[in-house]
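Student: I would like to go through the labels used for this model and ask what stands behind each one.
Tutor: Go ahead; here is the entry.

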Amino acid sequence: MKRNTVLFAAICLLSLLLSKPTLGQHLPDPNRQVIQFSGMVYASDSLTALEGVAVYVAGTTRGTYTRKSGYFSMPVLTGDTVVFGALGYEKLYLTVPAEAAENRLTLKIVLQRKENKLPTVDVMPWATEYDLRQAVLRTKLPAEPKDQLPVIPEPYVYKSVTEMPAMDADANFRYGQSIQLQQREARIRVPDILKVFSIPIKYY
(Lines give C-alpha, C1' and ligand atoms only; values in the text may rest on other atoms or scores of the structure.)
Protein backbone atom coordinates (compact mmCIF):
# COMPACT_ATOMS: atom_id res chain seq x y z
CA MET A 1 0.00 0.00 0.00
CA LYS A 2 2.82 2.36 0.88
CA ARG A 3 4.61 1.50 -2.33
CA ASN A 4 1.55 2.40 -4.42
CA THR A 5 1.26 5.78 -2.69
CA VAL A 6 4.90 6.63 -3.44
CA LEU A 7 4.47 5.60 -7.07
CA PHE A 8 1.35 7.76 -7.43
CA ALA A 9 3.10 10.79 -5.94
CA ALA A 10 6.05 10.34 -8.31
CA ILE A 11 3.75 10.24 -11.35
CA CYS A 12 1.93 13.41 -10.23
CA LEU A 13 5.23 15.24 -9.69
CA LEU A 14 6.53 14.20 -13.10
CA SER A 15 3.32 15.36 -14.84
CA LEU A 16 3.57 18.76 -13.16
CA LEU A 17 7.15 19.19 -14.28
CA LEU A 18 6.27 18.33 -17.88
CA SER A 19 3.23 20.60 -17.98
CA LYS A 20 4.98 23.66 -16.51
CA PRO A 21 6.79 24.68 -19.73
CA THR A 22 3.56 24.18 -21.70
CA LEU A 23 1.63 26.49 -19.41
CA GLY A 24 4.36 29.05 -19.64
CA GLN A 25 4.03 29.23 -23.41
CA HIS A 26 0.52 30.77 -23.17
CA LEU A 27 1.64 33.55 -20.85
CA PRO A 28 2.64 36.85 -22.55
CA ASP A 29 6.31 37.67 -22.69
CA PRO A 30 6.98 40.62 -20.34
CA ASN A 31 9.79 41.81 -22.62
CA ARG A 32 7.43 42.39 -25.56
CA GLN A 33 6.16 45.91 -26.13
CA VAL A 34 2.44 46.75 -26.02
CA ILE A 35 1.26 48.67 -29.10
CA GLN A 36 -2.14 50.25 -29.75
CA PHE A 37 -3.08 48.89 -33.17
CA SER A 38 -5.82 50.79 -35.06
CA GLY A 39 -6.93 51.47 -38.61
CA MET A 40 -9.70 51.30 -41.24
CA VAL A 41 -10.91 48.22 -43.17
CA TYR A 42 -12.15 48.61 -46.76
CA ALA A 43 -13.33 46.30 -49.55
CA SER A 44 -11.04 45.79 -52.53
CA ASP A 45 -13.66 46.57 -55.19
CA SER A 46 -14.94 49.82 -53.69
CA LEU A 47 -14.25 52.57 -51.21
CA THR A 48 -16.96 51.31 -48.85
CA ALA A 49 -15.85 50.65 -45.31
CA LEU A 50 -16.58 47.17 -43.97
CA GLU A 51 -18.55 46.80 -40.75
CA GLY A 52 -18.38 43.80 -38.43
CA VAL A 53 -14.98 42.51 -39.55
CA ALA A 54 -13.41 40.31 -36.87
CA VAL A 55 -9.95 41.54 -35.85
CA TYR A 56 -8.16 39.19 -33.43
CA VAL A 57 -4.75 37.84 -32.49
CA ALA A 58 -4.29 34.26 -33.68
CA GLY A 59 -4.14 31.70 -30.88
CA THR A 60 -5.52 34.07 -28.21
CA THR A 61 -8.85 35.46 -27.03
CA ARG A 62 -7.86 39.07 -27.72
CA GLY A 63 -9.83 40.73 -30.50
CA THR A 64 -12.47 43.21 -31.58
CA TYR A 65 -14.86 44.10 -34.44
CA THR A 66 -14.87 47.03 -36.83
CA ARG A 67 -17.48 49.75 -36.42
CA LYS A 68 -19.91 51.04 -39.03
CA SER A 69 -17.20 53.36 -40.35
CA GLY A 70 -14.74 50.43 -40.64
CA TYR A 71 -12.60 51.69 -37.75
CA PHE A 72 -11.01 49.32 -35.21
CA SER A 73 -8.58 49.72 -32.29
CA MET A 74 -7.08 47.11 -29.98
CA PRO A 75 -3.89 46.56 -27.95
CA VAL A 76 -1.39 44.05 -29.36
CA LEU A 77 2.12 42.88 -28.57
CA THR A 78 5.13 43.09 -30.85
CA GLY A 79 5.41 39.92 -32.90
CA ASP A 80 1.65 39.10 -32.73
CA THR A 81 -0.15 37.83 -35.82
CA VAL A 82 -3.38 39.77 -36.31
CA VAL A 83 -6.14 38.14 -38.38
CA PHE A 84 -8.83 40.04 -40.30
CA GLY A 85 -11.83 37.90 -41.25
CA ALA A 86 -15.30 38.65 -42.65
CA LEU A 87 -18.00 36.66 -44.41
CA GLY A 88 -17.46 36.76 -48.18
CA TYR A 89 -13.85 37.99 -47.96
CA GLU A 90 -10.47 36.30 -47.83
CA LYS A 91 -8.72 36.22 -44.46
CA LEU A 92 -5.78 38.57 -44.07
CA TYR A 93 -2.85 37.82 -41.73
CA LEU A 94 -0.69 40.70 -40.55
CA THR A 95 2.35 40.40 -38.25
CA VAL A 96 3.16 43.28 -35.91
CA PRO A 97 6.84 44.26 -36.24
CA ALA A 98 9.04 42.91 -33.42
CA GLU A 99 10.76 46.25 -33.04
CA ALA A 100 8.55 49.34 -33.04
CA ALA A 101 9.77 52.89 -32.59
CA GLU A 102 6.40 54.09 -31.26
CA ASN A 103 3.72 52.54 -29.09
CA ARG A 104 1.03 52.94 -31.75
CA LEU A 105 0.42 51.54 -35.24
CA THR A 106 -2.20 52.80 -37.72
CA LEU A 107 -2.84 51.03 -41.05
CA LYS A 108 -5.37 50.92 -43.89
CA ILE A 109 -6.54 47.31 -44.42
CA VAL A 110 -8.01 46.13 -47.75
CA LEU A 111 -9.78 42.75 -47.91
CA GLN A 112 -10.15 40.77 -51.13
CA ARG A 113 -13.60 39.44 -52.02
CA LYS A 114 -13.94 35.64 -51.86
CA GLU A 115 -15.75 33.77 -54.62
CA ASN A 116 -17.81 30.85 -53.38
CA LYS A 117 -18.74 28.45 -56.19
CA LEU A 118 -21.52 26.00 -55.38
CA PRO A 119 -21.36 22.48 -56.84
CA THR A 120 -23.64 21.56 -59.73
CA VAL A 121 -26.81 19.75 -58.68
CA ASP A 122 -28.84 17.68 -61.16
CA VAL A 123 -32.58 17.78 -60.38
CA MET A 124 -34.75 14.99 -61.81
CA PRO A 125 -38.48 14.33 -61.38
CA TRP A 126 -37.67 10.78 -60.22
CA ALA A 127 -35.43 9.55 -57.45
CA THR A 128 -32.97 7.72 -59.69
CA GLU A 129 -32.01 7.68 -63.36
CA TYR A 130 -33.34 4.12 -63.67
CA ASP A 131 -36.83 5.22 -62.57
CA LEU A 132 -36.72 8.03 -65.13
CA ARG A 133 -35.86 5.63 -67.95
CA GLN A 134 -38.62 3.22 -66.94
CA ALA A 135 -41.17 6.03 -66.87
CA VAL A 136 -40.13 7.14 -70.36
CA LEU A 137 -40.42 3.58 -71.68
CA ARG A 138 -43.92 3.21 -70.20
CA THR A 139 -45.13 6.41 -71.82
CA LYS A 140 -47.73 5.83 -74.54
CA LEU A 141 -47.32 8.09 -77.52
CA PRO A 142 -50.46 9.32 -79.33
CA ALA A 143 -51.36 7.62 -82.60
CA GLU A 144 -50.18 9.35 -85.73
CA PRO A 145 -52.99 11.11 -87.62
CA LYS A 146 -53.97 9.45 -90.90
CA ASP A 147 -53.54 11.34 -94.13
CA GLN A 148 -57.10 12.31 -95.01
CA LEU A 149 -58.29 14.97 -97.40
CA PRO A 150 -60.44 17.65 -95.84
CA VAL A 151 -64.13 17.26 -96.49
CA ILE A 152 -65.46 20.18 -98.55
CA PRO A 153 -69.08 20.87 -97.70
CA GLU A 154 -71.58 21.20 -100.53
CA PRO A 155 -72.68 24.72 -101.44
CA TYR A 156 -75.92 25.71 -99.80
CA VAL A 157 -78.58 27.12 -102.10
CA TYR A 158 -80.89 29.66 -100.54
CA LYS A 159 -84.47 29.44 -101.80
CA SER A 160 -85.44 32.90 -100.67
CA VAL A 161 -83.73 36.22 -100.25
CA THR A 162 -84.99 36.49 -96.69
CA GLU A 163 -83.14 33.29 -95.74
CA MET A 164 -79.78 34.62 -96.85
CA PRO A 165 -77.43 35.78 -94.10
CA ALA A 166 -77.01 39.51 -93.66
CA MET A 167 -73.90 41.00 -95.23
CA ASP A 168 -71.18 42.23 -92.94
CA ALA A 169 -69.25 45.47 -93.44
CA ASP A 170 -66.61 43.84 -95.67
CA ALA A 171 -69.16 42.17 -97.96
CA ASN A 172 -71.19 45.35 -98.15
CA PHE A 173 -68.07 47.29 -99.20
CA ARG A 174 -67.21 44.78 -101.94
CA TYR A 175 -70.80 44.86 -103.25
CA GLY A 176 -70.73 48.66 -103.48
CA GLN A 177 -67.38 48.60 -105.30
CA SER A 178 -68.73 46.10 -107.87
CA ILE A 179 -71.79 48.31 -108.54
CA GLN A 180 -69.57 51.35 -109.14
CA LEU A 181 -67.31 49.34 -111.46
CA GLN A 182 -70.30 48.20 -113.54
CA GLN A 183 -71.55 51.77 -113.86
CA ARG A 184 -68.16 53.02 -115.10
CA GLU A 185 -67.90 50.21 -117.67
CA ALA A 186 -71.42 50.88 -118.94
CA ARG A 187 -70.44 54.42 -119.94
CA ILE A 188 -67.75 53.33 -122.41
CA ARG A 189 -69.26 50.01 -123.55
CA VAL A 190 -70.29 49.78 -127.23
CA PRO A 191 -73.80 48.36 -127.66
CA ASP A 192 -74.12 44.95 -129.27
CA ILE A 193 -76.70 46.10 -131.88
CA LEU A 194 -76.32 49.32 -133.89
CA LYS A 195 -79.18 50.86 -135.81
CA VAL A 196 -78.35 52.61 -139.06
CA PHE A 197 -81.39 53.98 -140.83
CA SER A 198 -83.54 51.90 -138.48
CA ILE A 199 -81.82 48.74 -139.71
CA PRO A 200 -80.34 46.67 -136.83
CA ILE A 201 -76.75 45.65 -137.44
CA LYS A 202 -75.13 43.02 -135.14
CA TYR A 203 -71.81 44.20 -133.74
CA TYR A 204 -69.07 41.60 -133.12
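Student: What makes β5 and β6 a pair?
Tutor: Strands pair if DSSP finds at least two bridges between them. Four bridges join β5 (residues 81-85) to β6, and the two run antiparallel, so they count as paired by that criterion. Within this pairing, valine 83 stands opposite tyrosine 93 of β6.

Student: How far can I trust such details?
Tutor: The model is predicted: local features need pLDDT of at least 70, side-chain atom pairs count only at pLDDT 80 or more, and totals for chains, interfaces and linings use all residues. Residues are numbered from 1 along each chain as its sequence is written, and side-chain values use heavy atoms, leaving out hydrogens and water.

Student: Why are β3 and β6 called edge strands?
Tutor: The open sheet has four strands in the order β3-β2-β5-β6, with antiparallel pairing. β3 (63-65) and β6 (92-95) each pair on one side only. From one strand to the next, the twist averages 15°, where axes are lines fitted to C-alpha atoms and angles run from 0 to 180 degrees between N-to-C directions.

Student: What counts as a strand or a helix here?
Tutor: Both are DSSP runs numbered from the N terminus: helices are H or I with at least four residues, strands E with at least two. The chain has three helices and nine strands on that basis.

Student: How much of the chain is buried?
Tutor: Buried residues (under 20% relative accessible area, 1.4 Å probe, protein chains only) make up 14% of the 204 residues.

Definitions and conventions: Buried < 20%, exposed > 50% of the residue type's maximum accessible area, 1.4 Å probe, protein only.
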